[in-house]
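Please keep the sequence and the coordinates at hand while reading.

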Amino acid sequence: MELEENESSLDVAASPERLEAIARIIAEQEGLWGPHRRHDPDTRHYVRLVRTEAFEAWLLTWTSEQGIELHDHGGSAGVVLVVEGELVERFTDVTSQAPLREAYWPRGSTRAFGPGHVHDLRNTGGGPATSIHVYAPPLSTMTFYEHRAPDYLARHRVEVVEDEGRTPRRSVQHLLDAARARLDRVAPTRAAAILADGGLLVDIRPSEQRAREGEIPGALIVERNVLEWRLDPASDHRLGVVVGYDQPIVLVCSEGYASSLAAASLQDLGLVNATDLAGGFRAWEAAGLPVRRKR
């Protein structure tokens with residue numbers, strides 16, 4: 001198998017076996033990654049080695065006691081191959097909210113994970129470590145978390161991964177999956193509780209759709225085309241009810257698709273508790289929650 005720019009199947013590339021094979025091929029080509037190996041005691045070093053429309057590969061180097069915070073991969077699957085030294089991982093899955101577990105990864109070992117994986121890595125050995133990381137599809141965002149017992153994982157910040165001028169071709173389904181992988185989506189009863197506790201329930205449907213379907217009493221109406229300007233705490237055009245970056249915000253559309261993409265956009269602005277209503281307005285109505293209709 002060769003690393004080609006015309007890799008076309010995201011599904012194939014995302015299989016654990018395929019990602020591990022790619023990582024091991026890169027590891028065998030030391031001329032590709034060796035020149036980028038740099039163990040800096042002050043700064044953890046990393047560099048992108050390969051990028052195609054289907055996957056990308058990175059080289060990370062770690063001196064003793066260096067590590068990275070708990071994070072996800074924005075809906076991408078991945079594999080880590082340790083080529084030098086050893087790493088220790090703490091991990092869980094964002095959907096299961098299981099307690100953090102720990103695993104030791106010595107030289108030559110691989111660690112494959114799915115889109116919902118949350119982990120940190122650190123070098124606890126006495127010498128330097130080097131690892132190759134392969135992701136499919138290529139990384140777009142990474143959400144970082146704080147571990148706060150008993151509140152489990154608290155979103156801390158979202159970072160956009162630069163694509164160095166290349167825009168990968170990704171279907172809207174991949175964008176939707178990537179958005180939802182970092183959202184703690186809520187059911188109608190939970191959305192109602194957030195609204196009752198002072199959080200923002202924001203209806204982003206256009207006026208024609210609200211007139212046809214009905215409205216949620218107490219919901220803030222902000223149509224999608226101005227959403228970021230109205231809810232960005234740093235915007236001169238923000239609404240007065242926007243008070244900070246950690247404010248609970250639940251977006252509502254008709255069926256819960258556009259709202260997922262919009263909530264991910266708000267997280268990119270730093271609104272770490274932005275999410276959406278699973279199933280949208282229709283799920284709210286089906287749950288028997290209050291609906292107001294114009295006569």
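## The parallel sheet

Strand 12 (residues 200-203) is paired with strand 13 in the parallel sense over 2 bridges, where two strands count as paired if DSSP finds at least two bridges between them, and where strands (E, at least two residues) and helices (H or I, at least four residues) are DSSP runs numbered from the N terminus. The model is a predicted one, in which local features need pLDDT of at least 70 and side-chain atom pairs count only at pLDDT 80 or more, while totals for chains, interfaces and linings use all residues. Residues are numbered from 1 along each chain as its sequence is written, and side-chain values use heavy atoms, with hydrogens and water left out.

Within this pairing, aspartate 203 has isoleucine 221 of strand 13 as its bridge partner. The open sheet to which these strands belong has 4 strands in the order 13-12-14-15, with parallel pairing; its edge strands are strand 13 (220-221) and strand 15 (274-276), each of which pairs on one side only. Helix 8 (residues 258-268) lies across strand 14 and strand 15 and runs at about 175° to strand 15, the axes being lines fitted to C-alpha atoms, for helices over the stretch in contact, with angles from 0 to 180 degrees between N-to-C directions.

## Buried charged residues

Aspartate 203 also forms a salt bridge with arginine 205, with 2.6 Å between the closest N and O atoms; a salt bridge here is a side-chain nitrogen of Lys or Arg within 4 Å of a carboxyl oxygen of Asp or Glu. Aspartate 203 counts as buried because its relative accessibility is 1%, and arginine 205 counts as buried at 1% as well, the classes being buried under 20% relative accessible area, exposed over 50% and partly exposed in between (1.4 Å probe, protein chains only).

Arginine 205 forms a further salt bridge with glutamate 213, whose closest N and O atoms are 2.8 Å apart, and glutamate 213 is buried, as is arginine 205. Through shared partners, salt bridges join Asp203, Arg205, Glu213, Glu255 and Arg282 into one network. Arginine 210 and glutamate 215, both buried, form a salt bridge with closest N and O atoms 3.4 Å apart. The whole structure contains 21 salt bridges.

Another open sheet is formed by 5 strands in the order 1-2-9-4-7, with antiparallel pairing. Strand 1 (45-51) and strand 7 (110-113) stand at its edges with a single partner strand each, so one side of each has no neighbour in the sheet. Neighbouring strands of this sheet are turned by 20° against each other on average, direction ignored.

Strand 1 pairs with strand 2 (residues 56-62) over 6 bridges in the antiparallel sense, and valine 47 stands opposite leucine 59 in strand 2. Helix 2 (residues 16-28) packs on the sheet, touching strand 1, strand 2, strand 4 (77-84), strand 7 and strand 9 (129-136), where contact means heavy atoms within 4.5 Å; the direction of helix 2 makes about 30° with that of strand 4.

## Arginine 238

Arginine 238 lies in the loop between helix 7 (227-231) and strand 14 (249-252), and is partly exposed because its relative accessible area is 41%. Leaving aside neighbours within four places in sequence, arginine 238 is in contact with Trp229, Arg230, Asp232 and Pro233. Arginine 238 and glutamate 28 are 210 residues apart in sequence and 52 Å apart in space, C-alpha to C-alpha.
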